[in-house]
Amino acid sequence: MPRTNEPLLRRLHLRLTAIWTLAWLLCVAALCTVAILTHARLTQLELASSLRLRATAVYGLAWFDADGKFHDETLRKEPGLLGGDADVWVLGNGSPPNVLLRPEQPRFDLADPFAVADAAMGDRPDVMREGRDRRGRAYLLQAKETYDDRDRAVATILVLADPSARDAAQAAFVRNTLLIAACFAAFGILVGHLLSRRSLRPAIASFEQQERFLAAAAHELRTPVARLQALCETARDGREPPSQVLGKVERVAGQTATLVDKLLLLARLDAASAQATREPVRLDLLVESVLPEDHAIDFHANESVVAADVRLVQTAVRNLVENALVHGANSGEPVSVTVAGNRVIVEDSGPGFPPDLLERLREPFVSGPGSTGSGLGLSIVQHIAQLHGGHLRLENRAGGGARADLTL
């Protein structure tokens, strides 16, 4: 990460992580709330249904004869219906009211069962109600009226159950849900941290590319600017004729323009969004079109069609050929250029690549001792090769000289 932009990127990273974390936690909290409320509602409905079913069973198995006598013989034959986890009361509606059926070992100490029945049979008798007995124990109550053979309401059925099992199940569900939610929250925060860093990669790459370009431009333009300043001082002092100084200024300006063009091209190729516009092209004809006519070139080519960006490939081949001509100029041997399939091979008979720099020559501003170039040519070729899904291989020939193998 570029140091000059570290505070900005760190703040942006923290802001993105905070926004993601807040959104994620809100979603997790909403899901937890819905799950807990839904579970509580379903548990309540399940318990109410169970009490209502038991009250209905008592209603169906107990009956009154023509004389108004209550019969519970069939009811007592059903195992677990009158015992188990609930108290069952049947209270007669006569005057005075009487208890027709009571639990043998009641779980709840009701001060006045008749008052409880009257309250339960209010506006909504089918709704399960909650209350407390004389000892303060909480209970759930379901009430239902029963009728005689003349369809008169003669008794009230009360079914009372302990809500502790429901509350314990709900508490366990809440604990488990919160534990799972905490795990999801931690996972989401970690994912948000990683995603925010990943989303910043284009910005980081852009900052790095800008800093590399600025550093390269400052480094490479320092020399020609210094030479121009020296030539201006020479012209001012009159140490050389103006025409001679102007010729030197023109040469330096031309070299500087070429350097700036290479810097701009390298910055464009180094950008994260750089792409090659590919189209079918005859590679052998394309290479032949950029070979200089004023130099001896030994050209060998087979007909070859590749998908490539014409302008970029021309630039890459031109850089390789110019590099070979410069370093093989004193050998007296022509530069060899071969096109085979999707490969362009350029060979010279010069001193070859410095062995200690062979692996770094594709990096910007790396050049051998005594080189007059800027060290950008091979780096540009490497970038162009990568944009075409290929690579640039550099090696020294067995008989002397250098070989550059560009594969598209």
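Predicted model: local features only at pLDDT ≥ 70, side-chain atom pairs only at ≥ 80, totals over all residues.
Visitor: What makes up the protein in terms of helices and strands?

Guide: The protein has nine helices and 14 strands. Of its 408 residues, 36% are buried. Among contacts with a separation of 6 or more, 63% are between residues 24 or more positions apart.

Visitor: Why is H1 called roughly antiparallel to H4?

Guide: Helix H1, residues 6–61, and helix H4, residues 164–199, pack at an angle of about 160 degrees. Angles over 145 degrees count as roughly antiparallel, so H1 is roughly antiparallel to H4. Their axes are 8 Å apart, and H1 passes H4 in a right-handed crossing.

Visitor: Which classes of residue form the contact of H1 with H4?

Guide: The contact of H1 with H4 has 19 nonpolar, 13 polar and two charged residues.

Visitor: How do you know that the length of H4 agrees with its number of residues?

Guide: At 1.5 Å a residue, the 36 residues of H4 should span 52 Å. The expected span takes one less than the number of residues. The end C-alpha atoms of H4 are 51 Å apart, which agrees.

Visitor: Which residues of H4 are buried, and what covers them?

Guide: The buried residues in H4 are Arg-166, Gln-170, Thr-177, Ala-181, Ala-185, Gly-188, Gly-192 and Ser-196. Their cover includes H1, strand S5 (129–132) and strand S6 (138–147).

Visitor: Which residues of H7 and H8 meet?

Guide: From H7, Leu-283, Leu-286, Val-287, Ser-289 and Val-290 meet Val-310, Val-313, Gln-314, Val-317 and Arg-318 in H8. By class, the contact of H7 with H8 has seven nonpolar residues, two polar and one charged. Arg counts as charged, and Arg-318 is one of the residues of H8 in this contact.

Visitor: What is the handedness of the crossing of H8 and H9?

Guide: The crossing of H8 and H9 is left-handed. The axes of helix H8 (residues 310–327) and helix H9 (residues 377–387) come within 9 Å, at an angle of roughly 145 degrees. In H8, the residues that meet H9 include Leu-312, Val-313, Ala-316 and Leu-320. Those of H9 include Leu-378, Val-381 and Ile-384. The contact of H8 with H9 holds nine nonpolar, four polar and no charged residues.

Visitor: Why does Ala-324 count as buried?

Guide: Ala-324 is in helix H8. Buried means under 20% relative accessible area; Ala-324 has 3% relative accessibility, so Ala-324 counts as buried.

Visitor: What is Ala-324 in contact with, leaving aside neighbours within four places in sequence?

Guide: Ala-324 is in contact with Val-335, Val-346 and Asp-348, leaving aside those neighbours. Between Ala-324 and Pro-334, 10 residues apart in sequence, the C-alpha to C-alpha distance is 9.6 Å.

Visitor: What kind of peptide bond joins Ser-95 and Pro-96?

Guide: The bond between Ser-95 and Pro-96 is cis, with omega at about 0 degrees. Most peptide bonds are trans. Pro-96 lies in the loop between strand S3 (86–92) and strand S4 (99–101).

Methods
Residues numbered from 1 in each chain as written. Heavy atoms only, no water. Axes fitted to C-alpha atoms, helices over the stretch in contact; angles between N-to-C directions. Helix = DSSP H or I, 4+ residues; strand = E, 2+ residues; numbered from the N terminus. Parallel < 35°, antiparallel > 145°, perpendicular 65-115°, else oblique. Left-handed = near helix turned anticlockwise from the far one by under 90°. Buried < 20%, exposed > 50% of the residue type's maximum accessible area, 1.4 Å probe, protein only. Contact = heavy atoms within 4.5 Å.
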